[in-house]
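This report describes a single protein chain for a reader who works with computed coordinates. Please examine the sequence and the structure below before reading on.

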Amino acid sequence: MMGECEIIGVSVSSGVSDMPMSFDEIVNGAKNRAQAAIELVGADYGVGLEGGMNDFDLGTFLMGFVAIVDKHGAWGLSIGGGLYMPDKIIKMVRDSGRELGDVMDELRGLQNTKKHDGCVGYFTDNLINRKESFEKPTISALSRFKKKEWFE
């Protein structure tokens with residue numbers, strides 16, 4: 001059984017571009033956030049979330065990455081998402097250098113898409129919203145600490 005915990009949300013820099021456009025950049029952003037969070041708060045765990053787009057042979061996918069570091073330096077990692085992105089949106093993000101949320105705001109005539117349903121929420125009609133798109137990957141990353149004997 002898991003014990004109780006206190007969650008302290010902090011805003012920290014990812015150390016990568018505002019709109020990561022490669023898997024490596026997404027991973028580095030999440031790991032940088034986790035490390036900065038644990039150092040800032042002095043917590044037992046630091047959690048970093050990062051989203052971005054990555055090109056595969058099949059096309060460009062929006063994906064998330066969760067990195068969790070404990071106070072001993074052990075890492076729990078997980079990949080989330082995998083939303084196939086329309087070429088029009090990819091082109092707008094690349095050509096403008098803006099974040100996906102800003103491009104989605106422009107296309108939809110809204111504000112703060114990324115703080116609400118997000119791109120994932122929009123394309124799935126909120127069957128999966130932005131928050132939910134990171135929940136299962138976070139649980140998966142935590143499994144490294146729940147079943148730590150398998151990782152030692």
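## Conventions

A residue is called buried at under 20% relative accessible area, exposed at over 50%, and partly exposed in between, with a 1.4 Å probe and protein chains only. The accessible areas come from the Shrake-Rupley method with a 1.4 Å probe, and for residues only the protein chains shown count as cover. Helices (H or I, at least four residues) and strands (E, at least two) are DSSP runs, numbered from the N terminus.

This is a predicted model, in which local features need pLDDT of at least 70 and side-chain atom pairs count only at pLDDT 80 or more, while totals for chains, interfaces and linings use all residues. Residues are numbered from 1 along each chain as its sequence is written, and side-chain values use heavy atoms, with hydrogens and water left out.

## Salt bridges

A salt bridge is a side-chain nitrogen of Lys or Arg within 4 Å of a carboxyl oxygen of Asp or Glu. Asp117 counts as buried because its relative accessibility is 15%, whereas Arg108 is partly exposed at 24%.

Arg33 and Glu50 form another salt bridge, with the closest N and O atoms 2.9 Å apart. This pair links distant parts of the chain, since Arg33 belongs to helix H1 and Glu50 to strand S1 (residues 45-56), 17 residues apart. Arg33 is partly exposed, with a relative accessible area of 23%, but Glu50 is buried at 5%. In the salt bridge between Glu106 and Arg98, the closest N and O atoms are 2.7 Å apart. Here Glu106 is partly exposed at 47% relative accessible area, and Arg98 is partly exposed at 29%.

## Nonpolar cores

In soluble globular proteins, nonpolar side chains tend to be buried together. A nonpolar core is defined here as a set of buried Ala, Val, Leu, Ile, Met, Phe, Trp, Tyr and Cys residues joined through side-chain atoms within 4.5 Å. The largest core has 14 residues, of which Met53, Leu62, Met85, Ile89, Val93, Leu100 and Cys119 touch the most other members. Helix H2 (87-96), helix H3 (100-108) and helix H4 (118-123) each supply at least two residues of this core. The largest share, four residues, comes from H2. A second, separate core of nine residues includes Ala30, Ala34, Ile38 and Phe65.

Contact means heavy atoms within 4.5 Å. Not counting residues up to four places away in sequence, Met85 touches Met53, Thr60, Phe61, Leu62, Ile90, Leu100 and Cys119. In H3, the buried residues are Leu100, Gly101, Val103, Met104 and Asp105. These buried residues of H3 pack against S2, H2 and H4.

## Strand pairing and the hairpin

Two strands pair if DSSP finds at least two bridges between them. Strand S2 (residues 59-70) and strand S3 (residues 75-84) pair in the antiparallel sense over nine bridges. Val69 has Trp75 in S3 as its bridge partner. The hairpin of S2 and S3 has four residues between the strands, and Gly73 takes a positive phi near 95 degrees there.

## Backbone angles

Most residues other than glycine have a negative phi. Asp125 has a positive phi, near 50 degrees, and Asn126 also has a positive value, of about 60 degrees. Asp125 is placed in the loop between H4 and helix H5 (130-146), and Asn126 lies in the loop between H4 and H5. At 68% relative accessibility Asp125 is exposed, while Asn126 is partly exposed at 41%. Just after H3, Gly109 takes a positive phi of about 70 degrees.

## Surface patch

Patches are made of residues with over 30% relative accessible area and no salt bridge, joining like charges within 9 Å and nonpolar side chains (Val, Leu, Ile, Met, Phe, Trp, Tyr) within 5 Å. Ile8, Val10, Leu40 and Val41 form a nonpolar patch with about 310 Å² of accessible area together. Val41 belongs to helix H1 (residues 23-41) and is partly exposed at 31% relative accessible area.
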